[in-house]
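Me: I am new to this structure. Can you walk me through a few features, one at a time?

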Amino acid sequence: MYSSDTIAAISTPQGTGGIGIIRISGSGAFEIAEQLFKGRKPFKEYKPNSINHGCLINPANSEIIDDVLVSKMKAPNTFTREDIVEINCHGGMTVLKKVLELVVKSGARPAEAGEFTKRAFLNGRIDLSQAEAVIDLINSKTEEGSKAAVSQLEGKLSKRLKSVRDKLLDLISHIEVTVDYPEHDIEEITGQEVYAAIKEIRNDLERLTEGYDKGRILREGLNAVIIGKPNVGKSSLLNELSGVNKAIVTDIPGTTRDIIEEFINIGGIPVRIIDTAGIRETSDLVEKIGVQRAEIEIDNADIVLMMIDASEVITAADREILKKVDAKKAIIILNKTDISDIERINQIKTSLQGKIIIEMSIKEGTGLDRLETEIKNLFVKGDIKANQEILLTNVRHKVLIDSAVVSISEAVNAYQSGLPLDCITIDIRNSADYLGQITGESVSEDVMHRIFSRFCIGK
Amino acid sequence: MDYFAGEYDVAVVGAGHAGCETALASARLGCKTIVFAINLDSIANMPCNPSVGGTAKGQLVREIDALGGEMGKNTDKTFIQSKILNSAKGPAVFSLRAQVDRRRYQIEMKHTMERQQNLDIRQAEIVEVLTEDKADEKRITGVKTHTGAIYKCKAVVLTTGTYLKGKIIIGDVSYSGGPDGLFPANKLSDSLLEKGIELFRFKTGTPARLNKRSIDFSKVEEQPGDERIIPFSFETEEIEKEQVSCWLTHTTSETHKVIRDNLHRSPLYSGNIKGVGPRYCPSIEDKIVRFADKESHQIFIEPMGLETEEMYLQGMSSSLPEDVQIEMMKTLPGLENVAVMRSAYAIEYDCINPTQLKLSLEFRKVEGLFSGGQINGSSGYEEAAAQGLMAGINAALKVLGKEPLVLDRSQAYIGVLIDDLVTKGTREPYRMMTSRAEYRLLLRQDNADLRLTPIGYETGLISEERYNNFNIKRNQIEEEIKRLEMTVAAPTEQVNEFLAKRDSSEIRTGIKFIELLRRPEISYEGLGEIDKDRPELSYAVREQVSIAVKYEGYIKRQMQQVEQFKKLENRKLPVDVDYSQVHGLSNEARQKLNQLKPESVGQASRISGVSPADISVLLIFLEQNRRKK
């Protein structure tokens, strides 16, 4: 067998329905299920290759997380030829993440890109002829993953992550220089100082994970962007879909000067809907910025909802916008059918042949159901993919930060129970290692560099 | 005229700290060995500090000893001061260091070599390595001396230290020269280049030597040795001897002013030095420039031996001109009337790019050619000796037709050292540090014999007698831990009184001794007070028992990490893979893997530019190969 450590991941594309699966593979899979699953009897008493109903609990406080079906599959007759447990959850992404976190806390490690398939191959489950396909899968997943990691790491969160990691590395290099250059006239770090520093770092890290919980979870899902000429009804659609009067709706073109976003649930798929300023050549500076941002949003969108005024003819401006969304998965919404006529509508439809077109009157509330169905269809068929790698990367980050917290807490405990500096350093280094896995940086090289640049040492 | 001078199994080029270990190991493994030095009076010379050990380096010396090398024993015979460093910071970083009598060290080592069976010692400069072409690679056939003597041999080990095209720089003066006023080896580099070996140019330096009579000891602080002496060698029982002190002074604002005023005369700043110097060993002028805020730097004055008044000035390595050196030394408290005997100098030398080596320290491109020590880009006597020992063992194993001995990062500092050099390469002279070892809690100086003596025995450098003694010690440790696990302390008044004295919580029911020992406030020695039936055990055994019990949790965790590490380490990569043909690798990985030809997937994973995805590809590639067979 290739490896016996236990890996876990969310293995269903999110949003395809109410159920999501966490897959755990490896020698520790059953043991983890034992800790987290409460069914009619202890997990170990279930037969192999069975599916069992019960609750998924947080072992720390026995809180019930979800009502689940758990399948138990015994090696070697499994996909990876290792013991596999699959947890079928009902809740959405939030619950799946929570469950994955618990699984990792109980001893699994987040799977790398394509790792289940890799194991399946390495353990002889997949045919030799498919080796190259396996490699391509791993490479493409890794590439998507690292793109996602980069997009995740921009912004506030990454700054905070970096600042904690900096503190950790500064602390480690100070400890190491104390240890490796005992007779140099550098200021030796004391146990008290180490203790104060690790307590502070633990707080920072804990705040960081809270940030992940509150801020990020909601900000994920399908990116849908609404575009169209000014005053075609974009903000009204957003308000209608979200049920909140968030955008300012007037009859004056260009009222929506900025990007307005809303999170809604369409058939279980979390959708982030972005209302853009109308796209048109504009001389108004404020609006111009809004338009530019709208174009960026179109580039980032998973789906584009293009609105056209059914009471008018297709204008040059409409065609201009259509060009911009050409490569995207688009749904065309003909709004204001209430004030148009069939002939005009058919004329517009003929000129847009081959596209998904929905007739709608927001004022009268028609066409909205169909829009939801179309979005769901596109998603289920797999024509649009939610940015799943971002989601998974995000979970991976969270899990790694959690592990960093656990390590630093162990360092705090070690200090309190009187263990020497060299032991405590192991925990501190582990903590830095976990954070390094997020950014892909190596601790030992960074530490070495800091030692030489910060401290004056030599013969 | 060239002439045939003899036939050997192994020829060793250079007899510094690396070369001595190489030659002894090779001869002790039964290979007919010859070692060359430009000057036989320079065997095992210490051209820099007169000391052995220190953090991480002390661990290396213990490991050398545990494998059957000589450095530890020779140090025990000749040291004049012994110190334990980091005793309060934990067992992983606890290190031994000794000041040695430099001349006695040389004489002892030379004498040991002279008495060694199978070993010939020859004063000569090697100017050429001789090879024959074998398929598309080269194979060693011998070496040639400056005087035309040709020695045929099956393996050659290069341990040339800083001699290759050595250049001495003192301020604006520079000339061709080796360390300590010895001749350089100016010809061998060209022969190596001709064989397709890539060379680097490195730089290092050493401070001045002073006459003790000229120092005002009332102005410097005494640094005596430790009362308790722990020998370096596991075979040395106890040592009692008079120790000599070191002394401490410091730079002043005046010193810094002298240096600043004369910086333009430093070859480092005028561009006259091209070699890459080590970051961790900056010259005094470097320190003043880079750490401008620091008002004073400490300077140690160390004795060079018992039969000399020469003193070594640690912390003042410099390549400033002689007149500036003297001027700045006179600003140090105690050195106002200093009499300099040897000036500080910088030395530039050729070394090889170590990524050309296999983990056995054999060149990939030249079969039978090995190298060890400073020529591999390291710095320090201990680093040199460690590599010299491994190169000697592997050259001999090669001649004997056996598999090479490679220690990995989880087994020894030696493994970390060689893996770092060979896998990551180095751009400056490499110094061992405990922070480079990821499993340092397992790689302690106290357990070097437990880790390595069985390997040394299997290799053939550890005698039957020593191995038996080792086994007795190992059993005693196991037995004593077992006994502590089985023996219960009853909740008697005496026991609770004992606990109360140590601020330890009292016991209500019987508790195993091992549990009591796990409490941080209770030491193994102290526990003896209530543990009446304990057997009489040596200090080394008691120490092992105590560490094993007290740090059990952490030791176990590091062992689990090692288990993970070994998985990739045990996945061996064939040497003949053309990585440009492996589907799915990134371009950078292809290039690096083809260049370095790592021996395992684990080694590949430490090459910069090889990503985790590339490692997955390698694993699948290996599995593909396996199934095709």
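Reply: Start with exposure. Buried means under 20% relative accessible area, exposed means over 50%, and partly exposed lies in between. Keep in mind that this is a predicted model.

Me: Is Lys165(B) buried, exposed or partly exposed?
Reply: Lys165(B) has a relative accessible area of 29%, so Lys165(B) is partly exposed. Lys165(B) sits in the loop between strand S9 (149-158) and strand S10 (167-170) of chain B.

Me: What is the phi of Lys165(B)?
Reply: Phi is near 50° there, a positive value in a residue other than glycine. Ser62(A) has a positive phi too, near 60°. Ser62(A) lies in the loop between strand S4 (50-58) and S5 of chain A.

Me: Which peptide bond is cis?
Reply: The bond from Ala75(A) to Pro76(A) is cis, with omega near 0°. Look for Pro76(A) in the loop between strand S5 (63-73) and strand S6 (84-89) of chain A.

Me: Now the interface. How many residues of chain A are in contact with chain B?
Reply: Count 56 residues of chain A, in contact with 60 residues of chain B. The buried area is about 4,900 Å², and carbon and sulfur atoms give 56% of that area.

Me: How many salt bridges cross the interface of chain A and chain B?
Reply: The rule finds six. In one salt bridge, the side chains of Arg97(B) and Glu183(A) meet at 2.5 Å, N to O.

Me: Which helices of chain A each supply at least two residues of the side that touches chain B?
Reply: Among them are helix H4 (131-153), helix H5 (156-180) and helix H12 (388-416). By class, that side of chain A has 25 nonpolar, 13 polar and 18 charged residues.

Key. Residues are numbered from 1 along each chain as its sequence is written. Chains are lettered from A and ligands numbered from 1 in the order in which they are written. This is a predicted model: local features need pLDDT of at least 70, side-chain atom pairs count only at pLDDT 80 or more; totals for chains, interfaces and linings use all residues. Side-chain values use heavy atoms; hydrogens and water are left out. Helices (H or I, at least four residues) and strands (E, at least two) are DSSP runs, numbered from the N terminus. Buried means under 20% relative accessible area, exposed over 50%, partly exposed in between (1.4 Å probe, protein chains only). Contact means heavy atoms within 4.5 Å. Buried area is the accessible area (1.4 Å probe) that two parts lose on being put together, summed over both. A salt bridge is a side-chain nitrogen of Lys or Arg within 4 Å of a carboxyl oxygen of Asp or Glu. Ala, Val, Leu, Ile, Met, Phe, Trp, Tyr, Cys and Pro count as nonpolar, Asp, Glu, Lys and Arg as charged, and the others, Gly among them, as polar.
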